[in-house]
Amino acid sequence: MPHGDPLNWGVSSVLITGASRGLGRALALDLSRRGVNVALLARGAEALEQTVLEARSLAKHSGARAEPIVADVADVAGATRVVGLAQALVGPLDGIVHNASDLGETPLGQLLDGSAERFEQVFRTNVFGPLALTRALAGNLLLRGHGVVLGISSDAAVEHYPTWGPYAASKAAFDHVLGTLAAELGDTLRVLSVDPGEMNTEMHRAAIPDADPVSLTAPERVAEQIANVLGAPYRVPNGARLSGAALEAA
Amino acid sequence: MNASLREHRPPLPELGTQQDPRPNGVGRVVLVEERSPPRLVHPLDIAQIFPKETLWILNDAAVLPASFWVQPEGSEEIFELRVASLNDESGRFVALGFGGGDFQVQTELRGPVPTLQRGTRLSVLPAARRAVAFPPPETEAYLRLVRQDGRLFELSCPDGYAALLALLYQRGAPIQYAYTKRPHRLSEVQNSYVGRPWAIEPASAGRHLNAGILCALRGAGQRLAWLTHAAGISSTGDPTLDLRLPLPERYDIPEATAQRIAEARGRGNLVVAVGSSTTRAIESATSPDGRVTPGQGIAQLRLDAAYEPRVVDVLLTGIHEAGSSHRELTRAFASDRALDEAWRLAAAERLKLHEFGDAMLIRRRAS
């Protein structure tokens, strides 16, 4: 637990993966507006540069920093370097948001028809990579006595939707990793999972091309809720999995 | 110690070197106290050595990929540069140059570096084994030479500190030791709790405290505190340059740590420094009355056998041979007699030397 006033402790420097579009980008911009330093990771340099420029202009009044890291979460061996660079640019970090996700082969298909290699690739991006990043960061958070590890999950991790196999399994796996971490690390940190519901993003369009956008939540709205949680994470129980009304209320 | 007064000391047995990194938290520790014989402590028992409320201070600096290769503009020659001093965010830093040979050649035997004009552009070469996770570098990356003095290069990254760090992470590698069997990866030299990459060489005493052992320390009522210190190069390969070591190294001591030290001293609790880098930072920030000033600073102290620690009661450090710079600091804590006895125990137990080896926990005489 942080010293002093733990319930009002909030993050000051965060690493966000998958930050060049969708929820990651919306969260980066929201946090920048609030004066939080952000290290933004994505594979595509151009889209990331765009997000960084927007974030910096929103952060002008507060002087908060926004820095790009062009890298692939799925390259597990690179986690030390990615976190090291993030620490150098906006450190000391006190949080990480595991947002980058691999949906798997699209159009989505039956588990029996999918490729084993592609299944493994999904796990690298959605489980092994995020775990490696967490390992490179969490020891320091523990030493400093506060911090947040937050994973973006999905209700596919809880339900069994046909054709969502690899993605769903990976989200369930990472939810379990987060839950176990929460139990192991105790009350010093907040290890949390967020199910953002169905959002109007490129990823959703790739999964369900003919969904009606009107029925989908704006990623900006979810980003605001997550930013609220990051602003006071110790008000939420450690190991919590937040979704829907609970996420709105947090 | 005056050579003419030195008693005859029987020759000491040899210890082997741990050539390659092992996982954190497997090192065995020799506890050295002036008034007791040395004893061997296994990793998980580290938490049981000292009483409750003992304060352990850790240096949370991560190791920077400080070694990279350059080619001066207009030249075919390439040579290695190692960051030696990077103490601010200006994009300027000092590096040591090494010519012919590679990391497996001892620094003393590396070839000479070219003599270059001020303002020369140095192209930073892509890493031989690409740092995974980052895409292949598409653009050239340059540093500019500000000043050269033999092997010592003052350099500037024209695009600033962020660009310099990105360049090091994309194209650099951790400084390697000549005694290793294979090049080691950046992830293999980090302590379990590292944060900002300020360290040029590993604060390797920290290898002995992994997450499990830190947990055990807390469970045993010990207290932990942290600081960040730019643990630097320990040898340049040039005897003249070696005399200038250690170079000034930046540190950052949080207020909470300074407070914990004051509380520990006030209550008579022991203060354990994990590593010589931690010791250097704390002692540099300590005024004659024993108060530690928090905040950022530059450590200039040279800690040698003659130094009298003001704050640190116990030093956790690796096992190094007599005559080495690492060994000198231990002589500020314990007598040569006690250190020799500890060495003999280490040899009998086949403990290993150097950064990836085992450790000594040395309690200051009269503490």
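In chain B of this predicted model, Ile253(B) stands opposite Gly295(B) in β14(B). The two strands involved, β12 (residues 249-253) and β14(B), pair in the antiparallel sense over five bridges. Pairing here requires that DSSP finds at least two bridges between two strands, and the elements themselves are DSSP runs numbered from the N terminus, with helices (H or I) of at least four residues and strands (E) of at least two.

Both strands belong to an open sheet of nine strands in chain B, with mixed pairing and the order β3-β2-β17-β15-β13-β4-β11-β12-β14. Its edges are formed by β3 and β14 (295-299) of chain B; each has a single partner strand, so one side of each is left without a neighbour in the sheet. From one strand to the next, the twist averages 25°, where axes are lines fitted to C-alpha atoms (for helices over the stretch in contact) and angles run from 0 to 180 degrees between N-to-C directions. In a regular strand the side chains alternate between the two faces of the sheet.

At the other end of the strand order, β2 (residues 29-33) of chain B is largely enclosed by the rest of the structure, because four of its five residues are buried. Buried means under 20% relative accessible area and exposed over 50%, with partly exposed in between (1.4 Å probe, protein chains only). On one side, β2(B) pairs with β3 (residues 36-41) of chain B in the antiparallel sense over four bridges, and a hairpin joins β2(B) to β3(B) through two residues. Val29(B) has Val41(B) as its bridge partner in β3(B). Strand β2(B) also pairs with β17 (residues 359-363) of chain B, in the parallel sense and over four bridges; there, Val30(B) stands opposite Met360(B).

Met360(B) leads on to the cavities, as this residue is among those lining the largest one, together with Thr317(B), Gly318(B), Ile319(B), His320(B), His326(B), Arg327(B), Thr330(B) and Leu339(B). The elements that give two or more residues to this lining are β15 (314-318) and α6 (325-333) of chain B, and α6(B) supplies the largest share, three residues. By class, the lining has three nonpolar, five polar and one charged residues (nonpolar: Ala, Val, Leu, Ile, Met, Phe, Trp, Tyr, Cys and Pro; charged: Asp, Glu, Lys and Arg; polar: the others, Gly among them). The volume of the largest cavity is about 60 Å³, and seven cavities of 30 Å³ or more are found in the whole structure. A cavity is a set of points on a 1 Å grid over the protein atoms alone where a 1.4 Å probe fits but cannot get out, and lining residues have an atom within 4 Å of a point. Grid points are joined across faces, edges and corners, and a volume is the space filled by probe spheres set on the points.

Chain A contributes an open sheet of seven strands with parallel pairing, in the order β3-β2-β1-β4-β5-β6-β7. The edge strands, each pairing on one side only, are β3 (66-70) and β7 (241-243) of chain A. Neighbouring strands are turned by 20° against each other on average, direction ignored. Within this sheet, β1 (residues 13-17) and β2 (residues 37-42) of chain A pair in the parallel sense over five bridges, with Asn37(A) as the bridge partner of Ser13(A). Glu67(A), found in β3 of chain A, counts as buried at 11% relative accessibility.

Residues are numbered from 1 along each chain as its sequence is written, and chains are lettered from A and ligands numbered from 1 in the order in which they are written. Local features need pLDDT of at least 70, side-chain atom pairs count only at pLDDT 80 or more, and totals for chains, interfaces and linings use all residues, while side-chain values use heavy atoms, leaving out hydrogens and water.

Key: 1 Å grid on protein atoms, 1.4 Å probe; cavity = no way out; pocket = protein on both sides within 12 Å on 5 of 7 lines; lining within 4 Å.
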